[in-house]
Amino acid sequence: MEDCIFCKIIGGDIPSTKVYEDEDMVIIKDIAPQAPVHLLLLPKQHYPDIIAMSDEQAQTLARCLKKLSAMTAELGLEGGFRLVSNKGADACQSVGHLHIHILGGGQLADKMG
Ligand code: 5GP
Ligand code: ZN
C-alpha cells in the first residue's frame, strides 16, 4: 500500500534491520527500542490493526506466531518476552499497518498502561 511506512520496509524501499523474513512476515528491529530486545513482527499483507483482519489473515497471523515461538532463543528471548499490538488512538498506535511488538531481552516493567 502506498504511503505505508511498514509496506515500504517490507518492500525494501525503506531500510531496516531485518532479523527474519519468510512468505508471511518480516521481523525487524524497532528504530526506537523500549527494551533490550524490541522487535516488530510485520505481516506482509497490509491491514490497519488487530481487529481489521480477515479470517485468512487471522490464520496467517497464527502461523506467524507459531513460527515466532520456535525462534525465541535465537532472538535473545530465552528469559521471557511480551507481545503488544496497539490499536487506535487510546493505545497510541502510530503506524496503521498491523504490527506486533516483541519486547524482551531483560526484566520488563511489571505493569503496563
Ligand atoms: P505503534 O506506536 O504503532 O504501536 O508502533 C510503531 C513502532 O514503529 C514504534 O515503536 C516505532 O519506534 C516504530 N517505527 C516507526 N518508524 C519506524 C521505522 O522507520 N523503522 C523501524 N524499524 N521502526 C519504526
Ligand atoms: Zn502497510
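UniProt positions are given here in the numbering used for this chain, and such annotations may be inferred rather than shown by experiment. The structure in all of the views below is a predicted model.

View 1. The UniProt record, an unreviewed entry, carries the annotation "domain: HIT" for residues 5-113.

**View 2. The largest nonpolar core, with Ile27, Leu41 and Ile102.** This core, the largest of its kind in the model, has 15 residues, and those with the most contacts inside it are Ile27, Leu41 and Ile102. Two or more residues are given to this core by each of strand E2 (25-29), strand E3 (37-43), helix H2 (55-69) and strand E5 (100-104). Apart from it lies another core, which is made of ten residues and includes Ile28, Leu40, Leu42 and Val95.

**View 3. The surroundings of ligand 1.** Ligand 1 is surrounded by 16 residues, of which Asp30, Asn86, Ser94, His99 and His101 are the closest. A polar side-chain atom of aspartate 30 lies 2.5 Å from an oxygen atom of the ligand. The backbone takes part as well: a polar backbone atom of serine 94 is 2.7 Å from an oxygen atom of ligand 1, and a backbone N or O atom of cysteine 92 lies 3.3 Å from an oxygen atom of ligand 1. Of the 520 Å² that ligand 1 exposes when taken alone, the protein buries 83%.

View 4. Leaving aside neighbours within four places in sequence, histidine 99 is in contact with Phe6, with Leu40, Leu41 and Leu42, and with Val84, Ser85 and Gln93.

View 5. Cysteine 92, although not a glycine, has a positive phi near 65°. Cysteine 92 belongs to the loop between E4 and E5, and at 63% relative accessibility this residue counts as exposed. Aspartate 3, likewise a residue other than glycine, has a positive phi of about 65°. Aspartate 3 is placed in the segment before helix H1 (5-11) and is exposed, with a relative accessible area of 68%.

**View 6. Tyrosine 47 and isoleucine 50 in the loop between E3 and H2.** Tyrosine 47 is found in the loop between E3 and H2, and isoleucine 50 is found in that loop too. Is tyrosine 47 buried or exposed? At 4% relative accessibility, tyrosine 47 counts as buried, whereas isoleucine 50, at 32%, counts as partly exposed. Beyond its neighbours within four places in sequence, tyrosine 47 is in contact with Ala52, Met53, Gln57 and Leu61, as well as with Gly96, His97 and Leu98. The C-alpha atoms of tyrosine 47 and glutamine 93, which are 46 residues apart along the chain, are separated by 13 Å. Isoleucine 50, with residues up to four places away in sequence not counted, touches Leu61, Ser85, Lys87, Leu98 and Ile100. The C-alpha atoms of isoleucine 50 and leucine 98 are separated by 6.2 Å, although the two residues are 48 residues apart along the chain.

**View 7. Glutamine 57 in helix H2.** Glutamine 57 lies in helix H2 and, at 13% relative accessibility, counts as buried. When residues up to four places away in sequence are not counted, glutamine 57 touches Gln45, His46, Tyr47 and Ala52.

**View 8. Aspartate 22 in the loop between E1 and E2.** Aspartate 22 has its place in the loop between strand E1 (18-21) and E2. This aspartate 22 counts as buried because its relative accessibility is 11%. Leaving aside neighbours within four places in sequence, aspartate 22 is in contact with Lys44 and Lys67.

Technical notes
Residues numbered from 1 in each chain as written. Chains lettered and ligands numbered in written order. Predicted model: local features only at pLDDT ≥ 70, side-chain atom pairs only at ≥ 80, totals over all residues. Heavy atoms only, no water. Core = buried A, V, L, I, M, F, W, Y, C linked by side-chain atoms within 4.5 Å. Buried < 20%, exposed > 50% of the residue type's maximum accessible area, 1.4 Å probe, protein only. Helix = DSSP H or I, 4+ residues; strand = E, 2+ residues; numbered from the N terminus. Near = heavy atom within 4 Å. Polar contact = N/O pair within 3.5 Å; in protein donor to acceptor, adjacent residues only side chain to side chain. Areas by Shrake-Rupley, 256 points an atom, 1.4 Å probe, with all protein chains shown as cover. Contact = heavy atoms within 4.5 Å.
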